Amino acid sequence: MKSLFKKKLPPIVGLDIGTRQIKAVWLEQTKDGFVLQGYACEPISKIAFSERDIKDYESISVALKKIRKALKTKTKLANIAVAGTSVISKIVYMDPEPNDYDLESQIEIEADSLIPYPIEEVYLDFEKLGPSKTHTGKMNVLLTAAHKDLVDSRLLLTREANFEPKIVDMENYALGNSIDFFHSNSDKDKPVCCINVGASLLQICVVKNGDTIYTKEHSFGLNNLVSDISAIHMIERETAERQLMEGTLPGNWVEDTLPMFASNLQQSINRALQMYMSTTHADRPTEILLSGGAANIAPLVDILNQDLGLNVTSFNPFRGMSINPKLDVAKLNKIAPQLTIAAGLASRSFIPWHI
């Protein structure tokens, strides 16, 4: 658990704007720990996204306004996140500089060769990580870049819903924050591997000693399962998605539809783990935290446990946390893994940040 700071930081709502749902988490910190004060989850009608680009602003705006109303808070501050191919994160090795201004000049030169867009079309940020262990005399600097259209569209919609966006994070690092703050890990030296399976992306995040040491996105998600259900059971795609979320699919779907998706997901997870091991020269994890919509499907978690040969558990970031008595805890427990990124964004309320 993070220690309390002398100066209390204002609560910030974590807003996870996914391609099929918007999730929100409102947390506070007391001397006894974290308190979940509010949460909300709202589906986005129609096909509002093409990849991660927004195509239907109206449906997202409506969902965000419903989220704002459901939270029942006067807090306007909000953190959002971006993901996808238009977002780049890379560790670069720089000469130590006395101040951020000089380093910024170096970063712009370095970024120009790494980013597949004109430099004026992206937002850049960087964070000093300390001396490099592999490059003598150099400093590790985390360079992140996101296309301005991707960021500006989300800022516009967030403000229209009467939120005041403060931080634009990356979904992978929000995932890492959620693990760092809300996962109880007795062995801090042991890496914790989390795999988040959302509608369109499979995201792997590995955290060790409070640091996010590896992240990667892969194009695979629950959209594949929805397509399978729609085709096999001959129902409309929107109906299939709604019934999957509500748990009202025909009783035989677990036998005739889920195994094919589970097999493809298993292959995607194995590829993600293999890439992690080859990149970091780490051992294969023995345990995986599963988050996102996939973690809500109990039969799927059972299949992965059996076929992957790993201990796969659904990650509930609110386990052991105090819950506002006004909240529906039964509903919360059903969707908690889907709120992992939103919880990680909300955790930025507890650590200093700068613009």
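Visitor: Which residues of S6 point one way, and which the other way?
Guide: Leu77, Asn79 and Ala81 point one way from strand S6, while Ala78, Ile80 and Val82 point the other way. All of them are buried, where buried means under 20% relative accessible area, exposed over 50% and partly exposed in between, with a 1.4 Å probe and protein chains only. Strands (E, at least two residues) and helices (H or I, at least four) are DSSP runs numbered from the N terminus.

Visitor: Before going on, where do these values come from?
Guide: This is a predicted model, in which local features need pLDDT of at least 70 and side-chain atom pairs count only at pLDDT 80 or more, whereas totals for chains, interfaces and linings use all residues. Residues are numbered from 1 along each chain as its sequence is written, and side-chain values use heavy atoms, with hydrogens and water left out.

Visitor: Which strands pair with S6?
Guide: Strand S1 (residues 13–17) pairs with S6 in the parallel sense over 2 bridges. Strand S10 (residues 164–170) and S6 are also parallel, with 6 bridges. Two strands count as paired if DSSP finds at least two bridges between them.

Visitor: What are the bridge partners of Asn79?
Guide: Asn79 is the bridge partner of Gly14, and in S10 the bridge partner of Asn79 is Ile167.

Visitor: Changing topic, which residues touch the most other members of the largest nonpolar core?
Guide: They are Ile195, Ile204, Leu225, Leu265, Ile269 and Leu300, in a core of 36 residues. A nonpolar core is a set of buried Ala, Val, Leu, Ile, Met, Phe, Trp, Tyr and Cys residues joined through side-chain atoms within 4.5 Å. Helix H8 (258–280) is among the elements that give two or more residues to this core, and H8 gives the most, with 9 residues.

Visitor: What does Ile195 touch?
Guide: Not counting residues up to four places away in sequence, Ile195 touches Leu202, Gln203, Ile204, Ile269, Leu273, Ile288, Leu289, Leu290 and Ser291. Contact here means heavy atoms within 4.5 Å.

Visitor: Is Gln243 buried or exposed?
Guide: Gln243 counts as buried because its relative accessibility is 18%. Gln243 is found in helix H6. Among the residues that Gln243 touches are Ile235 and Leu249.

Visitor: And Arg159, buried or exposed?
Guide: Arg159 is exposed, because its relative accessible area is 52%. Arg159 lies in helix H3 (residues 148–160). The C-alpha atoms of Arg159 and Leu249 are separated by 37 Å.

Visitor: How many cavities of 30 Å³ or more does the structure hold?
Guide: The structure holds 1 such cavity, and about 90 Å³ of space lies in the largest cavity. On a 1 Å grid over the protein atoms alone, a cavity is a set of points where a 1.4 Å probe fits but cannot get out; lining residues have an atom within 4 Å of a point. Grid points are joined across faces, edges and corners, and a volume is the space filled by probe spheres set on the points.

Visitor: What lines the largest cavity?
Guide: Its lining includes Ile179, Asp180, His183, Val192 and Lys208. Helix H4 (171–182) and strand S12 each supply at least two residues of the lining.

Conventions:
On a 1 Å grid over the protein atoms alone, a cavity is a set of points where a 1.4 Å probe fits but cannot get out, and a pocket is an open set with protein on both sides within 12 Å along at least five of seven lines; lining residues have an atom within 4 Å of a point.
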